[in-house]
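Visitor: I would like to go through this model one piece at a time. Please show it to me, and then I will ask about its parts.

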Amino acid sequence: MVENMQVFERFAETLSAAGERYMPEDREVAAGCDPEFGADTRHITVPAGWSSNAAQTLADLLNIPRPAATKPRPGVKSFGALTPHIADGEERRLERGLEDVGTRLAGSLAWSAARQGGFDTPEAAETFARELAATITGRFVSPDAGLIRDGGVDWAYGDTPEPAGAADAPLQIRAGARTAPGQLRRVAEGALRSSVLEVGARVTRDRLEAIGEACRRCSGDEADCFDPRRNAALARAMRRALKDGIPEEAVERALALARQGTSDDALSALIPDAVPQRPALLHVPNALAQAIRDDDAWSFDQDGGSVRARDFRTGIARTIWSFGTPGLAFHESPAAAGPTLYIHLPAFLDEASQVRADLLADAVCYWAAALALSAPKGAQSAGTLSLDGVGALLMSCGLAYDSEEGRTAAAAIGRLATIALREAASETGANAPGLGPDLELDGLPEAFDGVVTRLQEAAGPFLPKAALARPGVQLACHAPDPCIAGLLDADSLGAAPVAGAVTADGSFAGGYRLRECARRGLETLGLSATEIETAEDHAAGHGTLRGAPGISREALLERGVPEDALERLEDSIGEGASVRHALNRWTLGDRVCRELGLPGDVVETEGQSLCAALGYSEADIRAADRYALGAGDLYEAPGLDAGIRGVFAPAPPQAQMRLAEALEHQIEGACALSLELDGDATIDDVAALIDTGAELGLRRLDIRRTASGLFDLLPAIDFDKGDYAAEPPVEERIVERTVERVVEKPAARRKLPDRRKGYIQKATVGGHKVYLHTGEFDDGELGEIFIDMHKEGAAFRSLMNNFAIAISIGLQYGVPLEEYVDAFVYTRFEPAGPVEGNDSIQQATSILDYLFRELGVSYLGRQDLAEIAPDRADPGGIGKGVEQEKLSREEAAKFISRGFSRGQVPDNILMFAHAPRKAASARGDLDSESGHYELEDHSPAKSRTASRDISAYSGDPCPECGHFTVAGGEDGPRSCDACGWSEGG
């Protein structure tokens, strides 16, 4: 028998008193995330106080169409307005917003509770449903992703909920089992293997998709497009696939699929799925912790041998230090089962930052009863209520995370939730957790007065009013899944401390503001509005250089920087750019740089940051940056006393572990703690945390090391060129014999000549005219590009112009053109389509695709990027046979600029088409070491692939055609590669 629950309407009253903050508001959000086709928009209704990120997160979760019209389900009992429905028609649509989620989820749970006899009247059941929905609207409680998507859809629409995917059960490792050392070793090997397989699957997919792309882009005959002997792009894609180790069978099948016109999705059968890393959990008993403290031996069960306990602990620490696995459990706790709802603790603060203990108790009691009464028979658990936002709650109340008062406050919240859960279990006949040790509550601040009063009035023993026949609800404290964390707009998650006092300001790009919990904390601690504004300026910055120390707007104005350049500088800083990088040649302009007296070579070499060139020291730059962008924290704010700064101090790992211990003692559930150590943390640091966790008896502890500085630097190092900007100078030792040592230097910018050569290519891509201007070094290598699109909008033209500047700077600093070509070819966006005006390229998927294919063809000889063979595109046509002449009929003046050479074009230059070319190596690369060249023979009598090293020619003219292409002699007959003449033939 279920006792009738008493339901108050506190949540509905709270939302009503909040005014417009919780009023529904229509938002336009992205409806898709396909980078190729772009995202459509859809409308969704959320409370007015929600951020755009929270609205987008909800829209992404509500991605399953539901019946547009419903009707009551016949033959099923109703309780007032709580009536199960079914679809009325075939039309479906996406749910409109948060109101739909709250209505179906709260209504279905209230209807289930009413069926179990939980209410005296249908009106009480309706009130219960409204209260549950109000907790969701006010973000007091947030359901997990499964409940948001499918909770109550059978009741509201007659749909069958999607079956919940079974989460990967952690590999349970017992520290005392004889298999523990081997399991730990396999966990480490599995973590490394998982990362390697993930890379292999990604490379395989890229290479096989490139094969299909090469076939689709071909504009020739269908038979030629699928023949690698005639489709150069296809041949290159297949070579790259084989070179990267893709099996020949997969390459052949990818080509066969492309020939049959299948999409890239069909390649999934050829690509092995990356094997996810299976989570692992190591159970560490108290005996092992004691053996570590006593430096004793640790024996494994079943004659598994023994090891020194500290050595075993070090092995565990090494695995965690390297791979962030396994997790650790120093105390047994029940496995999580059923749905999860997150109790967002900062939402229970009123306007004066007082904890609403009555609301918190009601939320736990209502949801615990709803879950217990709707749980299926025989379930292991009715669900989990997880406390969330502990760090933000403590900061809002002016309590330091690493303090005895902070740990007591967290424990008091856990005890209040446990008592409320026991009350709900008493009325529903469900299992209930035990009550933790008594707390000393005298030291809690005024913000916790309601909690203290509620705890003092709480009944002592657990006296169930109904038979204990239902699965109970567990209490826990862990961070929400990433897919729903965005719904909360939270300053902290789970039991973690607040990460920094500032957050991004959504009102404008690049700006920062104080977190809501930090502002509340300053108000609770008694600071005035002026003092809070000063503290916010220190943490979030002023967003301007007006009055800044070191480098100020006033000082720059006195030095002659004009107002328009200062406005550009201020705009850049307002968008989040540091002063060091905002003050550059493009912000000031070359004219202003000249007026400031900066030499041209200095502007060229130091243009990315002109602070030092203008005479500012590193101290000046740091002071200006700190003034404009802020320090990001409050614990070093000069206007705050030491006690206040301690509230905002970062919490070390040991402090987080002690708070988790205090909370776990009261909720009898796991406080899943995830510690992130700095990249320079050592194995001994991890071992010390393991010892602390064992001493405190934590139920769940995960430790991972963040990337070190070297890890972040690896992608930026060019090992071929020796680009080691931070490498210390090499010191030479004087020894008896002379030793030559090569010292690599940082990359330096290679300046273009003032008078440079290049070419201009005009083309039309999808009806949009584009001009490509190139500039070359003296040796003919590409050094700069300009892109002009005169009929586009100003923003697009400016973007393309600055993009060209960025590419030019990279080329002059030694970035290979091949890298840019590989990065930008085949990119897809409008404008795209047919190409007119280019003799090698006929189709392009974007402007960038066309531009870099043109550069690849012209400067790299990448004929695989061209859609017309070079012998057909070239007007010279050498190698067509004697009847078509061996020399190009084009004059040299067509290919050499008279303006560049100032009219000094020699009259005796003969243009050979496609010769000379570098000899191809066995790998398909150019042989840069030998310096040999070869001439291609395009005559019909010989194979297109036949070629001869130019050094093999004797230097004698051919008696038939006069060309110096005679090979052989001495010990063999002579022959001409141009006309086919042979000696004695």
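Visitor: How much space lies in the largest cavity?
Guide: The model is a predicted one. Rolling a probe the size of a water molecule over the atoms shows where empty space is left. Five cavities of 30 Å³ or more are counted in this way. The space in the largest cavity is about 80 Å³.

Visitor: Which element gives the most to the lining of the largest cavity?
Guide: The lining includes W50, L58, L98, V101, V141, S142 and P143. Two elements, α3 (98-115) and β7 (141-143), each supply at least two residues of this lining. With three residues, the element that gives the most is β7.

Visitor: How many residues of that lining are nonpolar, polar and charged?
Guide: Among the lining residues are I136, R139, I148 and L487. Arg counts as charged, while Ile and Leu count as nonpolar. By class, the lining has one charged, one polar and nine nonpolar residues.

Visitor: Which strands are at the edges of the sheet that holds β7?
Guide: This open sheet has four strands with mixed pairing, in the order β7-β13-β14-β15. An edge strand pairs on one side only. The edge strands are β7 and β15 (473-476).

Visitor: What is the bridge partner of P143 in β13?
Guide: Strand β13 covers residues 340-344, and β7 pairs with it in the antiparallel sense. Three bridges are found between these two strands. In β13, P143 has as its bridge partner L341.

Visitor: At what angle does helix α15 run to β15?
Guide: Helix α15 (residues 404-428) lies across two strands, β14 (383-388) and β15. Angles are taken between N-to-C directions and run from 0 to 180 degrees. The angle of α15 to β15 is about 175°.

Visitor: How do the residues of the contact of α31 with α32 divide by class?
Guide: The axes of helix α31 (residues 794-812) and helix α32 (residues 817-824) cross at roughly 145° and come within 10 Å. From α31, F803, A806, I807, G810 and L811 meet L817, Y820 and F824 of α32. Gly counts as polar in this scheme. The contact residues divide into no charged, one polar and seven nonpolar.

Visitor: Which residue in β23 does V765 stand opposite?
Guide: Strand β20 (residues 760-765) and strand β23 (residues 833-836) run antiparallel. Two bridges join them. In β23, the residue opposite V765 is V835.

Visitor: What is omega for the cis peptide bond from E830 to P831?
Guide: Most residues other than glycine have a negative phi, and most peptide bonds are trans. A cis bond joins T325 and P326, with omega about 5°. The bond from E830 to P831 is also cis, and P831 lies in the loop between α32 and β23. For the bond from E830 to P831, omega is near 0°.

Visitor: Is Y826 buried, exposed or partly exposed?
Guide: Y826 lies in the loop between α32 and β23, and its phi is positive, near 70°. Buried means under 20% relative accessible area, and exposed means over 50%. Y826 has 29% relative accessibility, so it counts as partly exposed.

How values were computed
Residues numbered from 1 in each chain as written. Predicted model: local features only at pLDDT ≥ 70, side-chain atom pairs only at ≥ 80, totals over all residues. Heavy atoms only, no water. 1 Å grid on protein atoms, 1.4 Å probe; cavity = no way out; pocket = protein on both sides within 12 Å on 5 of 7 lines; lining within 4 Å. Points joined across faces, edges and corners; volume = space filled by probe spheres on them. Pairing = 2+ DSSP bridges. Contact = heavy atoms within 4.5 Å. Buried < 20%, exposed > 50% of the residue type's maximum accessible area, 1.4 Å probe, protein only.
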